[in-house]
Amino acid sequence: MRNNELVNAYAPRLIELLPLARQAYGSRNTKSPQHDASREYTRLLVEYYNKGGSLIAIAQAVGVTYAGVRRRVTTADVAPSTKRSRSKATPEQIAQAVERIRVAKEKSVEDYHEALRHEYEDNGISLTKIAKALGLS
């Protein structure tokens, strides 16, 4: 099939799924009509792409961003997370982590990034709480 034929074959199906698929929030392994539509939307995008379809062309035809389409195709095989871990850090631990991050930021960009990674991955401090304490959005 040529690209125009692929777009004409897939765009209407994707457009039909889009309103419901856009309402899918939370973990991708949730069972709901919205998540089912989202999974089918992604499955169709992957199928289209594997047949040689242009992601730019399908994004334009469906009226969505290329970045969103590309993300769905490239992450289609990534397993959804099974559980969401919550930060159990106390306000004091968060304050100490933020202070370590501020000190690292004064040294270099690399130290700053490493401190962020360390506090998040190794110490389990929420990036949202770190950002809020640093005054970032």
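Q: Where is Thr74 found?
A: Thr74 sits in helix α4. Keep in mind as we go that this is a predicted model.

Q: Okay, and is Thr74 buried, exposed or partly exposed?
A: Thr74 counts as partly exposed, because its relative accessibility is 47%, and the range for that label lies between 20% and 50%.

Q: How far is Thr74 from Thr42?
A: Their C-alpha atoms are separated by 10.0 Å, although Thr74 and Thr42 are 32 residues apart along the chain.

Q: Let's look at Thr42 then. Which helix is Thr42 in?
A: Thr42 has its place in helix α2.

Q: Is Thr42 buried or exposed?
A: Thr42 counts as buried, because its relative accessibility is 14%, and buried means under 20%.

Q: What does Thr42 touch, not counting residues up to four places away in sequence?
A: With those left out, Thr42 touches Arg72 and Ala76.

Q: How do α2 and α4 cross?
A: Their axes come within 9 Å and cross at roughly 90°. That is why α2 counts as roughly perpendicular to α4.

Q: Which residues meet there, in α2 and α4?
A: From α2 you have Ser38, Tyr41, Thr42, Leu45, Val46 and Tyr49. On the α4 side, they meet Val69, Arg70, Arg72 and Val73.

Q: What about α2 and α3, at what angle do they cross?
A: The angle is roughly 140°, and the axes of α2 and α3 come within 10 Å. So α2 and α3 are oblique to each other, and their crossing is right-handed.

Q: Which residues in α2 and α3 meet?
A: Tyr41, Leu45, Tyr48 and Tyr49 are the ones in α2. Their partners in α3 are Leu55, Ala57, Ile58 and Val62.

Q: How many residues does the largest nonpolar core have?
A: That core has 19 residues. The ones with the most contacts inside it are Tyr10, Leu14, Tyr41, Leu45, Tyr48, Ile58 and Val62.

Q: Which helices supply at least two residues of this core?
A: α1, α2, α3 and α4 each do. The largest share is that of α1, with eight residues.

Q: Can we zoom in on Leu45? What is Leu45 in contact with, leaving aside neighbours within four places in sequence?
A: Beyond those neighbours, Leu45 is in contact with Leu14, Ile58, Val69, Arg72 and Val73. There is also another core apart from the largest one, made of 11 residues, among them Ala97, Ile101, Tyr112 and Leu116.

Q: New topic: how do α5 and α7 cross?
A: Helix α5 (residues 91-107) and helix α7 (residues 127-134) have axes that come within 10 Å and cross at roughly 65°. They are therefore roughly perpendicular to each other, and the crossing of α5 and α7 is right-handed.

Q: Which residues in α5 and α7 meet?
A: Ile94, Val98, Ile101 and Arg102 in α5 meet Lys129, Ile130, Ala133 and Leu134 in α7.

Q: Where does Ser87 lie?
A: Ser87 is in the loop between α4 and α5. Ser87 is partly exposed, because its relative accessible area is 22%.

Q: What does Ser87 touch?
A: Not counting residues up to four places away in sequence, Ser87 touches Gly124, Ile125, Ser126 and Lys129. As for Ala131, its C-alpha atom and that of Ser87 are separated by 14 Å.

Q: Last one: where does Arg13 lie, and what is Arg13 in contact with?
A: Arg13 lies in helix α1 and is partly exposed, with a relative accessible area of 37%. Leaving aside neighbours within four places in sequence, Arg13 is in contact with Arg43, Leu44 and Glu47. The C-alpha atoms of Arg13 and Asp111 are separated by 48 Å.

Definitions and conventions: Residues are numbered from 1 along each chain as its sequence is written. This is a predicted model: local features need pLDDT of at least 70, side-chain atom pairs count only at pLDDT 80 or more; totals for chains, interfaces and linings use all residues. Side-chain values use heavy atoms; hydrogens and water are left out. A nonpolar core is a set of buried Ala, Val, Leu, Ile, Met, Phe, Trp, Tyr and Cys residues joined through side-chain atoms within 4.5 Å. Buried means under 20% relative accessible area, exposed over 50%, partly exposed in between (1.4 Å probe, protein chains only). Helices (H or I, at least four residues) and strands (E, at least two) are DSSP runs, numbered from the N terminus. Contact means heavy atoms within 4.5 Å. Axes are lines fitted to C-alpha atoms, for helices over the stretch in contact, and angles run from 0 to 180 degrees between N-to-C directions. Angles under 35 degrees count as roughly parallel, over 145 as roughly antiparallel, 65 to 115 as roughly perpendicular and the rest as oblique. A crossing is left-handed if the near helix is turned anticlockwise from the far one by less than a right angle, and right-handed if clockwise.
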